Amino acid sequence: MLGVLVALAPVVAEEPVVSWPRDGQSPTSTMLPLSPYRPLAFDATVPCASLRALDSRPLGGDALRTVPAPTDPSTRPSTGPATEGLTVAVADGRVTVSVSGTDVATDRLPDGDCRYRVMADAAGVRVDRDGQRIARQPGLLPPQVAELATEAGPAAAAGLAVELRPDDRYAGHPSALKLALLVAHGVALAATLLLAVRLWRGRDGQRALVVPQRSWADGVVVAVSAAWAVLGPVNWDDSWYTLMARNAGEAGYLGNYIYMFNATEAPFVAAQYVMQLWGTLGGWGLLWMRVLPLVYGLLVWVILRFALVSGDASHGSHRHSRAVPAALLVAHLLWWLPYGMMLRPEPLIAVFAAAVLLLAEIARRRRSLGALVLATSATALAVTVSPTGIVAGAPLVMTLPWLLALLRERGWGQRVTVVVVAAAAATIAVPVGFADASLGEVLDATATHSWYYLTLSWYEEIVHYNDLLIMGDTGVWGRRAPVLLTLAVLAVVAMGSGRQSGSGDALRRLLLSSAITMAVALVLLAVTPTKWVNHFGAVGPAGTVVLTAALLRSPLPRRAGSTVRTVAVVVLALATAVVFAGPNLWRPFSDWGQPFGNHLLPEGTRYELSLLAPHIFGVYLRNPVVWLVFAGLLAAGLAWWRRRGGRAPLTTDRGLLVAASVASVTLLLAVFVYAPIRQYPGWTVALSNVRALAGQHCGLAGAVQVLAPQGPQPTATGSPERSGDFALAAGRPAPLTAPSAGTTVWHDSVPPRAGDLADEQGTVTTPWFALPDSAATHLSVPVAAGTVRGQQVTVQFGTGDPADPRPTSTVEPALDRSAGRDTWQQVTVALDSQGSSGDSRATAFRIEARDEVTGDGSWLAIAAPSLTSWQPVRTLTRGQPVFADQLSAVLWPCVDQVPISDGIVTPPSVRLLTDDGIPRFVLRNPHDPLWGGTFVQVERVATYVRQASRIHPAGPPTRSWGQVRRVVYDHPFGLVEVSTDTSLEPGWERETPVTGEAYSGRKFLG
């Protein structure tokens, strides 16, 4: 009851309020990127004097707007239509108030002093003039906000004001009543669990736990696990979850930093809480954060060691066998190496799943309801990590037969007591999932996740396995191995399950019970609403026990016929072949230096990716003939040995499973030892982690270099020569913000027209620039285009008098077609190629740009050049707000990651982006409104300057590591006052939904 009350208890909601302009200041345009995009309430006051001043212009103007207006049809793109914002505009004496593409009010601008007021909230949009309602639009959402901008001058803008309430619906803290309920719940829960364990011990005379003997395998696990923390691959989601934990301190709650509007992850927050604490203690670097999954993996190992020696006394003959820890070692590493060393929730779920396995075994052996109650609590804790945590409850299913029999022997009063105590034990999830969230917030976030994320039903579970078998990043052979070999064992166990075994075959009973547990876990996995391959890590403990038993004895009963054994060998051989059919592809960043095939292909075909599969001297291990021949040779060898009178407990099917498992573990370790050695002295994840051990913990920051300005810069003499559209565009606003303040921009962006210049956009030739004596190594020219499709930019060098040089050479650098129309690309020319001594040394240069592309909003722009040299990326990032993306942030622990707080996104000055052949739609997540991307409004006001970058020192060739982009804006950020109001809200209260196609354009996908 206390647990239910905690979820419903009132909370203190923290409600930020933004006021523009600041007290005592005149209205100045400022960035204000919101996430979610629309405020909960918006209130703007626009004086008629401001509108009248703008109306005096030939085309009128915007007194207030909340999203950027393009300067002409071929300029800055937005990630959503500009009509999603608010505009209060005037032209020809008429005032128009537009919100989200709807003209809410059109009014003749009156004479004299007056004021318009625009109000928007959940009830709709209303427009008043001097307190009198002139328009009302019920149901219309508040406008999206990326900026608060005005075209009115400082004097004319006097009186212009906006007050809005950003949507920060999950920020708050528990009320005094909720804190009291949490304390009372904790005391009651602890007392309940203690009483259950003391009163329901079960059978006496048996130890609850049997301590396993120490083994060499324990030392191997510790050593391999520690080494894997240094060597292991980066998971796609490592940075994602790190960013969520890192931003929690700023936001005041654990939200999805990348998309879904930073909606809270509650109640599935246990793993991120631990990460937040750990990152706060020692930083956000990869190696430091990997201590957590390292500890989780060792805990799983210890728990499973206890579980395998705490069964029935009939297990005694195997309990202290040296083969048991050896088999457990192979099975544990087979599962843990690909699924355990990641910063996702599954490694922590595995700890709870292993604990439930142990507690369920103790409960079964002792008939202890107390141990079963603890197992229920452990299952509930697993669910607070992720919905996938439900798989931890699979061992509880195995206790149902004896539990039901036990309850039948008791009276109804005790039966009800057991059920109620089990329910109470499950409320251990409440303080984790609801201490910092109310029921209303959880329901709200669940609706948001369901709308903006890919949610799948239980009957679509095949997607889990399709992703595992895909020829790409999710279907790599190392992740296939534990899942497919375990499934093969389950199939073989099912084949022989109808045959009788000896009553004293303890390992056979262990194999059957663990196989059923694993099958139940896989069924429970189908309940999870998402189907990512990483989820298989949650069933790792159950799979480990199954494989351990199968490695110790054949999955088949001893009296299985030859046909059954032959089919079992074929099944295992085919499963092993499918394992090694997966590519050896470990993006991002961990694929550098890997063997097997050409890893430089950014996006290979299925055939090209298939060539990355493991092979030895041209023989691919995916060929089932390889494993069938091995099985045949093994069978022949065993038969020969038995004919000579030798004892051979090994069977062909078990020998094949042992070989496949050991080969998988050995090969996985080998390729990750080999790759950094092969790539040296180039940067690798392993080398970065080794440097972190030596105190150099800044990851990629120690290896990435950029071309940045160096020394005195060139000066121009004379005027540019323009023709065509370049001449017509002279004096017009550039199609995008200049790459640096005060930088000259030449462009040919003009409104569409018909005429004699329609077939030739024109050219521009800059004046000659004098080359000063400098240590710079490159000449860098910022270039941008609406469509890169045949435009030309050339750099001409000259010698002699810089004012009138003699042309000597011309260089035409290539333009990157992939650069967006909101991005300046840095075209570079090495200066040492133009001579360095004597008369041959270049003294001046000029740039010519030619645009012959028509249609499609084409334009070309170049900006004033600069002299640059390779410098550490810290030159750009030091002291600046930075956005390192969701695939690389954990490798940039020393940058100042931009926060999302108060419903406002701090705009970054630098973006650090992953490449490495990752699909662009993945990298676009934070900027895609259809996913509720948190940086969508930043994208609308941003212009990017892509800096030339490299990894230094360089090793063997790799795919492009990524990009460094400076970000420039039209307006400064933060010229507002932010205050916080508080209110007491009931736990079931919910805000206006952010779902619905009208909110961001996303339809419900199901």
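## Terms and basis

A residue counts as buried when its relative accessible area is under 20%, as exposed when that area is over 50%, and as partly exposed in between, with a 1.4 Å probe and protein chains only. By this definition Arg-65, at 12% relative accessibility, counts as buried.

The structure is a predicted model, in which local features need pLDDT of at least 70 and side-chain atom pairs count only at pLDDT 80 or more, whereas totals for chains, interfaces and linings use all residues. Residues are numbered from 1 along each chain as its sequence is written, and side-chain values use heavy atoms, with hydrogens and water left out.

## Salt bridges around Arg-65

A search of the whole structure finds 27 salt bridges, a salt bridge being a side-chain nitrogen of Lys or Arg within 4 Å of a carboxyl oxygen of Asp or Glu. One of them joins Arg-65 to Glu-147, with the closest N and O atoms 3.4 Å apart. Because Glu-147 lies in strand E11 (residues 147-148) and Arg-65 in strand E4, the pair ties together parts that are 82 residues apart in sequence; strands (E, at least two residues) and helices (H or I, at least four) are DSSP runs, numbered from the N terminus.

Glu-147 is also buried, with a relative accessible area of 2%. Both residues belong to a network of salt bridges that links Arg-57, Asp-62, Arg-65, Glu-147 and Glu-151.

## Two further bridges across the chain

The side chains of Arg-38 and Glu-84 meet in a salt bridge with an N to O distance of 2.4 Å. Arg-38 sits in the loop between strand E2 (30-31) and strand E3 (41-47), and Glu-84 in the loop between strand E4 (61-65) and strand E5 (86-91), so that distant parts of the chain, 46 residues apart, are linked. Arg-38 is buried at 2% relative accessibility, and Glu-84 is buried with a relative accessible area of 16%.

Arg-165 forms a salt bridge with Glu-991, where the closest N and O atoms are 3.0 Å apart. This pair links distant parts of the chain, 826 residues apart, with Arg-165 in strand E12 (residues 161-165) and Glu-991 in the loop between strand E37 (977-985) and helix H31 (997-1000). Arg-165 is partly exposed, with a relative accessible area of 23%, and Glu-991 is partly exposed at 23% relative accessibility.

## Helix H10 against H4

Helix H4 (residues 216-231) and helix H10 (residues 323-339) pack at an angle of about 15°, with their axes 9 Å apart; axes are lines fitted to C-alpha atoms, for helices over the stretch in contact, and angles run from 0 to 180 degrees between N-to-C directions. H4 and H10 are therefore roughly parallel to each other, since angles under 35 degrees count as roughly parallel, over 145 as roughly antiparallel, 65 to 115 as roughly perpendicular and the rest as oblique.

The contact (heavy atoms within 4.5 Å) involves residues including Trp-216 and Trp-228 of H4 and His-332 and Trp-336 of H10. Its residues divide into twelve nonpolar, two polar and no charged, where Ala, Val, Leu, Ile, Met, Phe, Trp, Tyr, Cys and Pro count as nonpolar, Asp, Glu, Lys and Arg as charged, and the others, Gly among them, as polar.

## Helix H10 against H21

H10 and helix H21 (residues 540-552) pack at an angle of about 135°, with their axes 8 Å apart, and are therefore oblique to each other. Among the residues making this contact are Ala-327, His-332 and Trp-335 of H10, and Gly-540, Gly-543 and Leu-547 of H21. By class, the contact has eleven nonpolar, five polar and no charged residues.
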